[in-house]
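Trainee: I would like to learn how to read the sheet, the salt bridges and the surface of a model. Please take them in turn.

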Amino acid sequence: MRAFVFPGQGAQVIGMGRELAEAYPAARDVFAEVNEALGEKLSDLIWNGDIETLTLTQNAQPALMATSIAAFRALEAEGFGIKDADFVAGHSLGEYSALCASGAISLADTARLLRLRGQAMQEAVPVGQGAMAAILGLDFAAVDQLARDAAEGEVCQAANDNDPAQVVISGHKAAVERAAALAKERGAKRALMLPVSAPFHSALMQPAAAVMAEALAAVEIAAPAVPLVANVRASAVTDPGEIRRLLVEQVTGSVRWRESVEYLAGAGVTEFWEIGAGKALSGMIKRISKEAVTKNVGAPADIAALKA
């Protein structure tokens with residue numbers, strides 16, 4: 001069995017998707033449609049811009065989705081498609097890419113939702129008040145406990161359960177810094193403050209969740225062609241109403257990636273295709289499920305290798 005998985009923020013690089021657009025008209029059309037949906041040439045930023053501007057949340061989110069869907073359309077042009085997957089999943093914003101690829105949300109709506117999501121997440125907390133840190137070498141239960149211990153009345157919570165040895169925490173800057181210091185005392189290999197502009201997937205994102213609840217209520221969501229393994233539930237969902245609710249919950253909730261991969265492996269998935277920029281998810285998947293086979297689909301050469 002096979003799952004198509006879609007990367008989240010942090011995978012962005014200048015030039016991503018350009019080779020796909022040059023090689024495949026269907027991939028080129030994705031970037032054109034996203035440009036039109038947003039009323040700007042996002043593709044110019046992706047291919048010729050500067051990384052600081054691309055990394056701004058409101059740009060990175062639709063840009064990474066566009067690159068993933070361009071790769072997916074290129075796959076389709078070579079005879080692969082959603083019929084070749086048993087499940088889809090995505091890491092944070094990648095969940096939107098997964099829903100677009102599986103036919104649940106239109107490309108234009110997905111682009112507009114992610115632009116709004118990025119803006120709302122950025123505006124939810126004044127710059128400098130929130131932070132995130134990656135804790136390496138402690139499991140989720142240990143990190144969850146140290147986040148609670150470090151909160152001291154502020155917000156500090158486990159935001160991304162990425163793999164058995166990497167959990168990301170999020171919340172008020174001072175609380176996250178306390179947790180990072182405490183992590184080292186409790187045996188973590190490293191605690192790294194992350195270069196992000198807001199405390200994603202924490203209770204501080206509640207204003208953004210309210211914005212997304214309103215936006216998602218106005219968008220048509222169909223049942224995906226294959227089940228989505230949702231971030232906040234780490235299990236399969238197909239009901240459009242449930243998907244809408246979980247996408248809102250995802251803004252403030254934890255990305256349960258480790259459990260999601262364990263769920264997929266338990267359901268019989270042995271092959272994971274990471275569709276889009278980078279290889280971060282493949283690394284996590286290998287650390288979660290030693291038997292998993294991962295394949296990357298981010299450039300024409302990757303698709304040629306799949307065909308071979």
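Mentor: The dialogue below goes through the sheet, then the salt bridges, then a surface patch. This is a predicted model, in which local features need pLDDT of at least 70 and side-chain atom pairs count only at pLDDT 80 or more, while totals for chains, interfaces and linings use all residues. Residues are numbered from 1 along each chain as its sequence is written, and side-chain values use heavy atoms, with hydrogens and water left out.

Trainee: What is the order of the strands in the open sheet?

Mentor: Helices (H or I, at least four residues) and strands (E, at least two) are DSSP runs, numbered from the N terminus. Two strands pair if DSSP finds at least two bridges between them. Here the 4 strands are ordered E4-E5-E3-E6, and the pairing is antiparallel. E4 (156-163) and E6 are the edge strands, each pairing on one side only. Between E3 (residues 130-136) and E5 (residues 166-172) there are 7 bridges; in one of them, Ala131 has Gly171 as its partner in E5.

Trainee: Which strands does helix H9 touch?

Mentor: Contact means heavy atoms within 4.5 Å. Angles run from 0 to 180 degrees between N-to-C directions, with axes fitted to C-alpha atoms, for helices over the stretch in contact. Helix H9 (residues 173-185) touches E3, E4, E5 and E6, and its direction makes about 145 degrees with that of E5. Helix H13 (residues 280-288) lies across E4 and E5, at about 80 degrees to E4.

Trainee: How many salt bridges does a search of the whole structure find?

Mentor: Side chains of opposite charge can pair when their charged atoms come close. The criterion is a side-chain nitrogen of Lys or Arg within 4 Å of a carboxyl oxygen of Asp or Glu. The search finds 18. One of them joins Glu78 and Lys307 (3.0 Å, N to O). Glu78 is in the loop between H5 (57-77) and E2 (87-90), and Lys307 is in H14 (residues 300-307), 229 residues apart.

Trainee: Where do Glu242 and Arg245 lie?

Mentor: Both are in helix H11 (residues 240-252), 3 residues apart, about one turn of the helix. A network of salt bridges links Arg233, Glu242, Arg245 and Glu249.

Trainee: Which residues form the nonpolar patch on the surface?

Mentor: Patch members have over 30% relative accessible area and no salt bridge; nonpolar side chains (Val, Leu, Ile, Met, Phe, Trp, Tyr) are joined within 5 Å, like charges within 9 Å. Accessible areas come from the Shrake-Rupley method with a 1.4 Å probe, and for residues only the protein chains shown count as cover. Leu192, Leu194 and Val196 form the patch, with about 180 Å² of accessible area together. Leu194 is in the loop between E6 (190-193) and H10 (206-217).
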